[in-house]
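Hi,

Here is the structure I promised to pass on.

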Amino acid sequence: MPFYSVIKMNAQYVTTAKVYIDQLKRYQAIETHLARLLGGWLPGVERWEVKKQIAYHIWADMQHSQRIRTRLWELRITNPDRDVDAGIEKAIEALACAQHDYELIAGVYLVLKTELLAAYKHYVATTFSVYDYPSILTLNTIIPELEAQINWASRVVGELANNGEKRRQTQRWLQFAKEIINAMGGVNGDKPIHDLPIAPPGYALLLPFTQAKRDERFKVQIIGSPMPDENDVMAYMLWQFSNYVQEMQAAETLATTLWEVKGMEWEFYYDVARHCWDEVRHSELGENRLNQLGYHITDFPCSIGSYGWRQLFNPLIRYCALTYVIEADSFKLKHNSYQKYLAENDMESAQAIMYDIMDETMHVRFGQKWVPKMMPHYQEQKTLQALIDECRNIVAKHSVSPAQRQAALAK
Ligand SMILES: [Fe+2]
Ligand SMILES: [Fe+2]
């Protein structure tokens, strides 16, 4: 074989590998920005069960991104964010202009995630089955999860868009979402790129939400409930576990932070997504325990004030207040409760609290890791300690939770 054809073959081979690698770079970016978009919308999702599931998908999507990034590292891409098409972020952000949660879910799952699934399947079917087998294994772990997400969304959109007008809005939004994905050249970026389409009339961005939404089953109140007499065993337990349910607001604060904070390193979004989902589990921990005690979460007032006051401040203050003050100050009450439940031989409550303490320890570490890195991002000139002191004063003044205010003032 003449020398030049070997060169040509090599050139052909290298180009083809590069095409696959570039696709993987796009996929990890799409998964990350999808998680950010769902995060921005989480407070605006009304139905409780749908909100919980979306929070889990935020974490799942960041794990998908992580798996693809790990594979990219094997493929010698040490910085998968370098040279990623900026059109991906713009297109995904254009999907945020939905006016209703059912539209958002339809656009994200029934258009973008559906195209992403098709792209993953195509990649698996066409890449080099021996040389690139590790990529096939990676995508094969994601494909069934994505299929399950899309099936879930298909059912949910059918349930939420439950009249002619909502179905018409959804159809129009689906068409718009398809135009957005076409404008970015499709998931693989291999089609012609256009300007983004104009949103339907009146479709202005609603994000970030100033108020967390709840569905019609809940009795919504701004303030948190005061702590009852500790010696009233059942009243204390119901107070504690109905309070856990309200941690959905911590999840919503973190979720909107995913959306609002742009340009941080990828690992920040990964940790915040995990933190967000943990708070949904803490909310579920309360929900499960109340169910075991014969109650339903809607038997108790549902507070939205904690999310609301935190939105008055920028994401740095919010995140610092949550991790360095609210979470760090919560251990005393939790350890007391743990000992109390042990003494009462209530092992179920004690174990719930113990797992929560372990999660919260990790969340405080997240704060210690990311607050100092967010400070230059927000051109914060204060020292870290001065920022923490400011956040403590803010919690003491603004928190709608009597226990949080009390803990902040006690320091
Ligand atoms: Fe929590
Ligand atoms: Fe936490």
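**Helix α14 and the rest**

Helices (H or I, at least four residues) are DSSP runs, numbered from the N terminus.

Before you go further, this is a predicted model, where local features need pLDDT of at least 70 and side-chain atom pairs count only at pLDDT 80 or more, while totals for chains, interfaces and linings use all residues. Residues are numbered from 1 along each chain as its sequence is written, and chains are lettered from A and ligands numbered from 1 in the order in which they are written.

Back to α14. Its buried residues are Leu 387, Ile 388, Cys 391, Arg 392, Ile 394 and Val 395. I call a residue buried if 20 or more other C-beta atoms lie within 10 Å of its own, exposed if 12 or fewer, and partly exposed in between, with C-beta atoms placed from the backbone.

Now the domains. The protein chain splits into domain 1 (3-183) and domain 2 (220-410), with bounds from an automatic or database domain assignment. Their C-alpha centres lie 31 Å apart. Each domain puts 16 residues into the contact, where contact means C-beta atoms, placed from the backbone, within 7 Å. On the domain 1 side, α1 (3-41) and α2 (48-74) each supply at least two residues, and α2 gives the most, with seven.

What holds the most contacts inside the largest nonpolar core? That core has 98 residues, and the answer is Ile 58, Leu 95, Ala 273 and Cys 276. A nonpolar core is a set of buried Ala, Val, Leu, Ile, Met, Phe, Trp, Tyr and Cys residues joined through C-beta atoms within 7 Å. Helix α4 (residues 101-126) provides its largest share, twelve residues. Both domain 1 and domain 2 give residues to this core, so it lies between them.

Cheers

Methods:
Two residues are in contact if their C-beta atoms, placed from the backbone, lie within 7 Å.
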